[in-house]
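Try each one before you read its solution.

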4 protein chains.
Amino acid sequence: MFSFESDYTEGAHPLILDALVRTNFEQLSGYGFDKYCDSAKEKIKKACGCDDAQVFLIAGGTQTNQLVVDTVLQPYEGAISTTTGHIEGHEAGAVEFTGHKVLTVPHHLGKMDANDLKNLLETFYADDNHDHMVFPGMVYISHPTEYGTLYTLDELTALSDICRQYEIPLFMDGARLGYGLMSNGTDVTLKDIARLCDIFYIGGTKVGALCGEAVVFTHNNAPKHFFTSIKQHGALLAKGRLLGVQFDTLFTDDLYFKIAKNAIDKADRMRAAFKEKGYKIFIETVTNQIFIVLENEKMQELKKSVSFGFWEKYDDNHTVVRFASSWATTDDAVDKLIKLL
Amino acid sequence: MFSFESDYTEGAHPLILDALVRTNFEQLSGYGFDKYCDSAKEKIKKACGCDDAQVFLIAGGTQTNQLVVDTVLQPYEGAISTTTGHIEGHEAGAVEFTGHKVLTVPHHLGKMDANDLKNLLETFYADDNHDHMVFPGMVYISHPTEYGTLYTLDELTALSDICRQYEIPLFMDGARLGYGLMSNGTDVTLKDIARLCDIFYIGGTKVGALCGEAVVFTHNNAPKHFFTSIKQHGALLAKGRLLGVQFDTLFTDDLYFKIAKNAIDKADRMRAAFKEKGYKIFIETVTNQIFIVLENEKMQELKKSVSFGFWEKYDDNHTVVRFASSWATTDDAVDKLIKLL
Amino acid sequence: MFSFESDYTEGAHPLILDALVRTNFEQLSGYGFDKYCDSAKEKIKKACGCDDAQVFLIAGGTQTNQLVVDTVLQPYEGAISTTTGHIEGHEAGAVEFTGHKVLTVPHHLGKMDANDLKNLLETFYADDNHDHMVFPGMVYISHPTEYGTLYTLDELTALSDICRQYEIPLFMDGARLGYGLMSNGTDVTLKDIARLCDIFYIGGTKVGALCGEAVVFTHNNAPKHFFTSIKQHGALLAKGRLLGVQFDTLFTDDLYFKIAKNAIDKADRMRAAFKEKGYKIFIETVTNQIFIVLENEKMQELKKSVSFGFWEKYDDNHTVVRFASSWATTDDAVDKLIKLL
Amino acid sequence: MFSFESDYTEGAHPLILDALVRTNFEQLSGYGFDKYCDSAKEKIKKACGCDDAQVFLIAGGTQTNQLVVDTVLQPYEGAISTTTGHIEGHEAGAVEFTGHKVLTVPHHLGKMDANDLKNLLETFYADDNHDHMVFPGMVYISHPTEYGTLYTLDELTALSDICRQYEIPLFMDGARLGYGLMSNGTDVTLKDIARLCDIFYIGGTKVGALCGEAVVFTHNNAPKHFFTSIKQHGALLAKGRLLGVQFDTLFTDDLYFKIAKNAIDKADRMRAAFKEKGYKIFIETVTNQIFIVLENEKMQELKKSVSFGFWEKYDDNHTVVRFASSWATTDDAVDKLIKLL
């Protein structure tokens, strides 16, 4: 039995484990004050082309979203997200737990439309009663989105422009950022993101690390005493080296990009095979997630040999399922899958 | 330069790294639903002698304290702690962040006295106005304490008895539990703790793991939907295997206890050397932390060759410092230290 | 200039002020432990036909919603509301401030449809990932709704049935309850509400009181230590008599119902006049709020002589406005308005 | 039976009720946007000698403390209070509910000592680990204190100086401010308070109002969007006039000060009588609260004829009790009390 269920079914890229083993007995200061964290941060800043960025390494994605949204917002503000945004539906209310509302706009294949955003902001400020309402205080998007889709440079620029006009930060959840950057269907680079967003994170957990997300505040705009806020949110690791060593490895010799590229290559092969064999694509994606409409009988048959993810019911006889490739997916596994189709 | 600054200056015990490498390419489900988590939990339950215990693996100590205190308490309740309790002074208000007050009693070498606890509870319920006050809803203790001291079985039993009389849970922070259990000066076993406490955790971060604390609810008393609360608090790791593999290794062949014993052996050697050479002991401890009053000039001299922790000012000419051994401390390092004294 | 802007433009019904004056120098215990609070609660229980109800008097509506939602929900639960529910859009995030998400369903003229509710609950529990999501923990409806509409007995029963099936409480925001109960277009009585809801409140602020809402837990289901939670939320008045005397007066000789009836009579006259004169009704209501589509020029003209509320833009030449009658509206004022139409 | 239990046993000063009756049928805008609120605020600013003060009217004391502390602090900060401060012990954790810790210093007859404050701040910033701790973000004092004592001008100045040195605001809880200002034993004026504090409030509930506290931000330092925060905290009254009319009346012709003076005059008579008759004074006060050590038999005897407050057990045969006068206390009542002594 092999699995395309998600991009976090394996451990870490072997070079990361090597680095953990190699550095294991060095005695290092705790809480992220070690040379590997420092080095990782420098390399990330360089990759982003941001001299005045501030980088923080956090263990998990929901944790990062909660921490960033809560500390960047004023207490009377909420975060704008699409209805399909991860913070809106799939984080058990982690944002609301910190006292903030998620303000929603419709999604378009998982993406936020600049017109919807503009409309929300204009309507809010035009309402005489808006002092009785939650202030829109930041914009949350994910790239790739929860549907595996990507913003174009034009779309991202349009969102960024509106945010700057209204003086609210643009925050990008990059839990799968690597797969977005290495997609053959994107015109958005890491430097574009660093230029257009006020905060974003580079996902490690789903792109080759055991755990870890690198949050980038792109222009010295980290909230005051952010370190203390990390601790207060329960998000500070005593052995910060665990994150430092991993990100230092990922940003050495472009490892992060190379392993993300592997997932894209494998997904492209799988996508082509699905299409060639006449499978119905549910949402057209260009990243490592593929959404297929399966006839239920076919689904049951496939399930005997390969794991994949349930997405949603399509109709009484069909189901939407997800196949995800990852940094660890082998050509051999793709071959085996294609044979089953 | 070598360091006795803390017990989290190294990475992980080599057997843990071996296990991470060995299992790395197994495809496992996320969020803790994997066989290593299952196995670790079973082994921990067995070690505790608790068939009906529920075990959860959490990444960090402050995170665990925040999560347990918040979910175990009713919203109108607070946690009773000594003034030196970690949640009271050194977690950046992580407990209050979740809406709960820490109610304090004096400490006695870091420990809570049963009489102080009883007095707080009696005084609260005797006060006609107690409905205007925070209800004492649980007791938080650490073992070893922040001062490296240990409860005796009698002391722990007395606290447990009061908690049961008042029907409030007793929660033990065991961030350094291994060092407490393997101390030559303790009469408290893991099974005693499982019997006397309602919740406790077995610290991994400071006892050989890269990260991780194993929370034990000793009698099927985990709060309802605790999994969702973990997610809501931002504390759920996608790759739960990272914690599962580590604790499974630590609880195989008594590794946890053996490596904790190493720290105790080294600390006992160091303690004897300090005493023999006439150093003033600040607090008499029996675990892996040693608190010494150093003449300031001597402190500066030592600092050139070895790292240790600043604890507090003693007087104008003396300082209290902390030397901590760990699972990783070698006889060679102890020899080098003793030569310097 | 006279006003139909809202139902809280005047002070209190004169009988309430009389009672405050009459009882002013009696020395009474604080925090609601006085005979007027006791008497008010007994009268409310009787009016509701609920022997085992628990009644609490709270100063304001948003405060009541915040307090009830927060204390009734478990921390990992959210409240289901329509998108137009007051807690969702017009309370500055007071519910989220306490850590809970508002889960929305579409509205139908301001009302929640039982099928939408059922669908949300079924979908939630059918989703394999629902442990990563906010649990639906209660249902919030308003009656009259924010649009001045009313649930029929069948509609309310359907919602109640679903809540009982899923074992989640049904909470009714009755900020304008009197106007709903005295409407000529309702078949729902106070006793029906007390039977079908688990919690509801009887609005005082908008129905003749200076301030105050009477929360009814209909079957001894007030959260444990609710008094302390009131204090913790900052919602406890030292001079509880202020609320007790007011509600005792409102529930003596059916004053609450009589003065609500006045608002309905006046609104019915106004509604008839608007229709007769050919004004376009935006939403058909049967309570004290009337929504009219005005040509913008006419709106400007009317504004010179009478105040009313802006509701929303209709099109480039028309605006939706609201006229609200109240317990204090006189026939004279209605005559003057009709002359202006 | 008559009562000296507290200063909130009666309703409101008759002039306040008169004003509520007189203005009752005026149609006024809600939420504090009415002429009486405006007028009250202007009069308060004038009384404080603060042209650039911002005044907000809030219904209750705990509510005010919660609101001010939460909105003035940064999320990672706590409020410094004495161990006897109202927010620390008697508000059911209302401050912690909003996520903030109360940091305590010892009390001296209920007062905070400038040296203790300085020491807390110095120690905090001298601690290398203070980034792991709650930042001291404001100072909370009450005047009169919970023990009925008063700061001298020198003491208040010393606290203010330290706050300004550390750039943290000084907040004074003035729930009983009138009684402090009119005491014969004070050298602190309202203008001194407005000059030395950054925020304070003028208590109405305990000084002649039905409810209401007037918060003064003394130099345009109200938190941004404070109105929205009031709503978010559930503290916004729809009929803001209720507070406006009351404070407008209290600050017309010095009513607030005159009625506070009455309480002081009566308390001074009572204090003299207690002393003359040889009663033991527990704490020497100069405001409207008198703390007496009663022999238990005498206490039981007195209780038959007059109500007073239990404070605490003194020893097995004696009890500390509190007698409070108020704006409403008559000479007749004092005569009756003296006869009983």
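**Exercise 1: the A–C interface**

Work out how many salt bridges cross the interface of chain A and chain C, and what surrounds them.

*Solution.* Start with the count: the rule finds four salt bridges across this interface, each being a Lys or Arg side-chain nitrogen within 4 Å of a carboxyl oxygen of Asp or Glu. One of them joins the side chains of A:Glu96 and C:Lys101, at 2.4 Å from N to O.

A:His90, A:Glu96 and A:Lys101 supply 35% of what chain A buries here, more than any other three residues.

Before moving on, note that this is a predicted model: local features need pLDDT of at least 70, side-chain atom pairs 80 or more, while totals for chains, interfaces and linings use all residues. Residues are numbered from 1 along each chain, chains are lettered from A in the order written, and side-chain values use heavy atoms, without hydrogens or water.

**Exercise 2: helix α14**

Find which residues of α14 (331-340) in chain A are buried.

*Solution.* With buried meaning under 20% relative accessible area and exposed over 50% (1.4 Å probe, protein chains only), the buried ones are A:Ala333, A:Val334, A:Leu337 and A:Ile338. Down the axis of α14(A), they fall within an arc of 135° (directions from the axis to the C-beta atoms), so they line one face of the helix. The face turned away carries the exposed A:Asp332 and A:Lys339.

Terms used
Helices (H or I, at least four residues) and strands (E, at least two) are DSSP runs, numbered from the N terminus. Buried area is the accessible area (1.4 Å probe) that two parts lose on being put together, summed over both.
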